[in-house]
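Q: Hi! Could you walk me through this structure?
A: Happy to, here it is.
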Amino acid sequence: MLKKNIKDLTLEELEKIVAVLGEPAYRAKQIFSWLYQKGAASFEQMSTISQTLRNKLEKKYVIGTVELSAQLRSSDGTEKFLFKLADGTFIESVLIFAQERKTVCLSTQVGCKFACSFCASGRRGFVRNLLPGEITNQILFLQHKLKHKITNYVFMGMGEPLDNFNNLSKAIMIMDAKEGMNIGSRRITVSTCGIIPGIEKLKKLNPQINLSVSLHAADDQLRDTLVPINRRYRLKELISSCANFAGKLTLEYVLIKDKNDALQQADQLAKIAKRLGAKVNLIPLSRVTGLDLEPTPGEETGIFLKRLLKQGVQATLRESKGRDISAACGQLAGKLK
Ligand code: SAH
């Protein structure tokens, strides 16, 4: 029988399993703390757990890890990690340094189904969902193996997090658990291209989490071409789904020359942002090989930003980091060069 990764289990699931093995529920909390706080790599290390229980766990489970295949460092300090998964597929995680912040950008799928016209992740299609343990292992590797003190967690790597809701929600529960990673929800951001049923589920799962919506266009006609899932989940419904989001809401808007950077489009964007009380994050387009799109020049970018600010919108221009190592927004493709 193929052994399962114990890190795919939430605390609640592990408590049930431990009970079936004839042990008190608090053992699950101890195991959790070994896995997520001490970064245990074997059941043998779990010295507060009886040998009998360790043996029973060993028979059914492995402590899965990710394997580092390559690590690149950008001239701006951003680091990209290429991880190999148990089935030989690859994912990427990015570590971004800014002032006191150390943000990790996490992948949730191998590839992506949504094929936004300017993004590298969707170009090679969809391979599979990541399991909860594969999501959290990206963090564990950086924390325990490389001793990074991470302050912020963003699901903005490869894949569409809300298209893998089940596993994402388990990973978030493990991140959130006091005996697990003990990360406050306010330090976690989920980014989506606009999967409305997923937004609805996220609201119920954790009302404190931050949400980023990759808007990129403020009218349906244009958004249909840039973010094709808009044909299924229209702007009006997307906006109403976001309207009562309790956590912090950000609208992402990548500026593409002559596509979505006219001032009239800034005005439409401002209207949506004000209606939602959302912050706007402008992102300079990162170059993706084979795509015939140009970033909006710096001067026009500044004018677009000012137009938003003048209307009372809280807007910032995101410095897209890690370009020289293809670690910037939309450049992750999960391959060995
Ligand atoms: N699927 C999720 C998570 C990916 S997040 C989402 O769409 O939100 C990655 C962010 O980078 C998204 O806002 C995405 O739209 C943006 N992005 C994609 N390609 C880009 C590019 N070439 N330049 C700049 N940003 C890009």
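Q: Let's start inside: how do the residues of the lining of the largest cavity divide by class?
A: They divide into five nonpolar, one polar and one charged. Here Ala, Val, Leu, Ile, Met, Phe, Trp, Tyr, Cys and Pro count as nonpolar, Asp, Glu, Lys and Arg as charged, and the others, Gly among them, as polar.
Q: Which residues line the largest cavity?
A: Phe-118, Leu-285, Ser-286, Arg-287, Val-288, Leu-291 and Leu-293. A cavity is a set of points on a 1 Å grid over the protein atoms alone where a 1.4 Å probe fits but cannot get out, and lining residues have an atom within 4 Å of a point.
Q: Before I go on, what sort of model is this?
A: This is a predicted model: local features need pLDDT of at least 70, side-chain atom pairs count only at pLDDT 80 or more, and totals for chains, interfaces and linings use all residues. Residues are numbered from 1 along each chain as its sequence is written, and side-chain values use heavy atoms, with hydrogens and water left out.
Q: Thanks! Now the sheet: how many strands form it, and in what order?
A: There are 10 in an open sheet with mixed pairing, ordered β3-β4-β5-β6-β9-β10-β11-β12-β13-β14. Strands are DSSP runs (E, at least two residues), as are helices (H or I, at least four), numbered from the N terminus; two strands pair if DSSP finds at least two bridges between them.
Q: And which are the edge strands?
A: β3 (67–73) and β14 (315–317), each pairing on one side only.
Q: In what sense do β4 and β5 pair?
A: Antiparallel, over six bridges, with β4 covering residues 79–84 and β5 residues 90–98. Lys-80 stands opposite Val-94 in β5.
Q: Which strands does helix α4 lie across?
A: Helix α4 (residues 132–145) lies across β3, β4, β5, β6 (101–105) and β9 (152–155).
Q: What makes the contact between α2 and α4?
A: Leu-35, Tyr-36 and Gln-37 of α2 meet Thr-136, Leu-140 and His-144 of α4, where contact means heavy atoms within 4.5 Å.
Q: Last topic: how many salt bridges are there?
A: The structure holds 15, each a side-chain nitrogen of Lys or Arg within 4 Å of a carboxyl oxygen of Asp or Glu. One of them joins Lys-113 and Asp-163, with the closest N and O atoms 3.0 Å apart.
Q: Where do those two sit?
A: Lys-113 is in the loop between β7 (109–111) and β8 (126–129), and Asp-163 is in the loop between β9 and α5, 50 residues apart.

Definitions and conventions
On a 1 Å grid over the protein atoms alone, a cavity is a set of points where a 1.4 Å probe fits but cannot get out, and a pocket is an open set with protein on both sides within 12 Å along at least five of seven lines; lining residues have an atom within 4 Å of a point. Axes are lines fitted to C-alpha atoms, for helices over the stretch in contact, and angles run from 0 to 180 degrees between N-to-C directions.
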